[in-house]
Amino acid sequence: MRVGDKIICINGDFHTEVAKFFQSLPVKDKEYIVRAVRPMAAEGGILLEEVKNAPIFFNLYQGKLEPAFHPNRFRMAEPIKSLERVEEDKLELA
């Protein structure tokens, strides 16, 4: 998943202990746009344009970050490739 991709939430079930860290959560079957992608090893995951939350403290990071959502909660929406991505794909195939 990349910034700007349209994705659909396939798992909107959050344990109450996890949900308390979020003011807003994605809803199953709703479409979203990827705002940022952080590496999973560093308190990472997917941030969404339509869902914004206040930063919280992460021990591993020793600082505050907006909590992100695990990519496995989403699937790609029907792809509509931009001209730039079509050109990137052509280069990868060559």
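**Aromatic rings, a pocket and a lysine**

User: Are phenylalanine 22 and phenylalanine 69 buried or exposed?
Analyst: This is a predicted model, and its residues are sorted here by relative accessible area. Buried means under 20%. In this model phenylalanine 22 and phenylalanine 69 are both buried.

User: How is the aromatic pair of phenylalanine 14 and phenylalanine 22 classed?
Analyst: The whole structure holds four aromatic pairs. In the pair of phenylalanine 14 and phenylalanine 22, the centres are 6.2 Å apart and the planes are at 50°. An angle under 30 degrees would count as stacked and one over 60 as edge-to-face, so this pair is tilted.

User: How is the aromatic pair of phenylalanine 22 and phenylalanine 69 classed?
Analyst: Here the centres lie 4.9 Å apart, with 20° between the planes. Planes under 30 degrees apart meet the cut-off, so the pair is stacked.

User: How many residues apart are phenylalanine 22 and phenylalanine 69?
Analyst: Phenylalanine 22 is in the loop between helix H1 (16-19) and strand S2 (31-38). Phenylalanine 69 is in the loop between strand S5 (63-65) and strand S6 (74-76). The pair thus links distant parts of the chain, and the separation is 47 residues.

User: Which residue has its charged end over the ring of phenylalanine 14?
Analyst: Phenylalanine 14 belongs to a cluster that ring pairs form with Phe22, Phe69 and Phe74. A charged end sits over the ring of phenylalanine 14, 3.7 Å from its centre, and it belongs to arginine 73.

User: How many residues in the lining of the second largest pocket are nonpolar?
Analyst: The second largest pocket has a volume of about 240 Å³. Its lining has 14 residues, and the closest to the pocket centre are Val18, Phe22, Phe58, Pro67 and Ala68. Of the lining residues, two are polar, three are charged, and the nonpolar ones number nine.

User: Is lysine 64 buried or exposed?
Analyst: Lysine 64 is found in strand S5. Leaving aside neighbours within four places in sequence, lysine 64 contacts Pro55, Ile56 and Phe57. Its relative accessibility is 59%, and because the cut-off is over 50%, lysine 64 counts as exposed.

User: What percentage of the residues in the protein chain is buried?
Analyst: The protein chain has two helices and six strands, in the order β-α-β-β-β-β-β-α from the N terminus. Among contacts with a separation of 6 or more, 52% join residues 24 or more positions apart. Of the 94 residues in the chain, the buried share is 30%.

Key: Residues are numbered from 1 along each chain as its sequence is written. This is a predicted model: local features need pLDDT of at least 70, side-chain atom pairs count only at pLDDT 80 or more; totals for chains, interfaces and linings use all residues. Side-chain values use heavy atoms; hydrogens and water are left out. Rings of Phe, Tyr and Trp (its six-membered ring) pair if their centres lie within 6.5 Å; planes under 30 degrees apart count as stacked, over 60 as edge-to-face and the rest as tilted. Helices (H or I, at least four residues) and strands (E, at least two) are DSSP runs, numbered from the N terminus. Buried means under 20% relative accessible area, exposed over 50%, partly exposed in between (1.4 Å probe, protein chains only). A charge sits over a ring if NZ of Lys or CZ of Arg is within 6 Å of the ring centre and within 35 degrees of the ring normal. On a 1 Å grid over the protein atoms alone, a cavity is a set of points where a 1.4 Å probe fits but cannot get out, and a pocket is an open set with protein on both sides within 12 Å along at least five of seven lines; lining residues have an atom within 4 Å of a point. Grid points are joined across faces, edges and corners, and a volume is the space filled by probe spheres set on the points. Ala, Val, Leu, Ile, Met, Phe, Trp, Tyr, Cys and Pro count as nonpolar, Asp, Glu, Lys and Arg as charged, and the others, Gly among them, as polar. Contact means heavy atoms within 4.5 Å.
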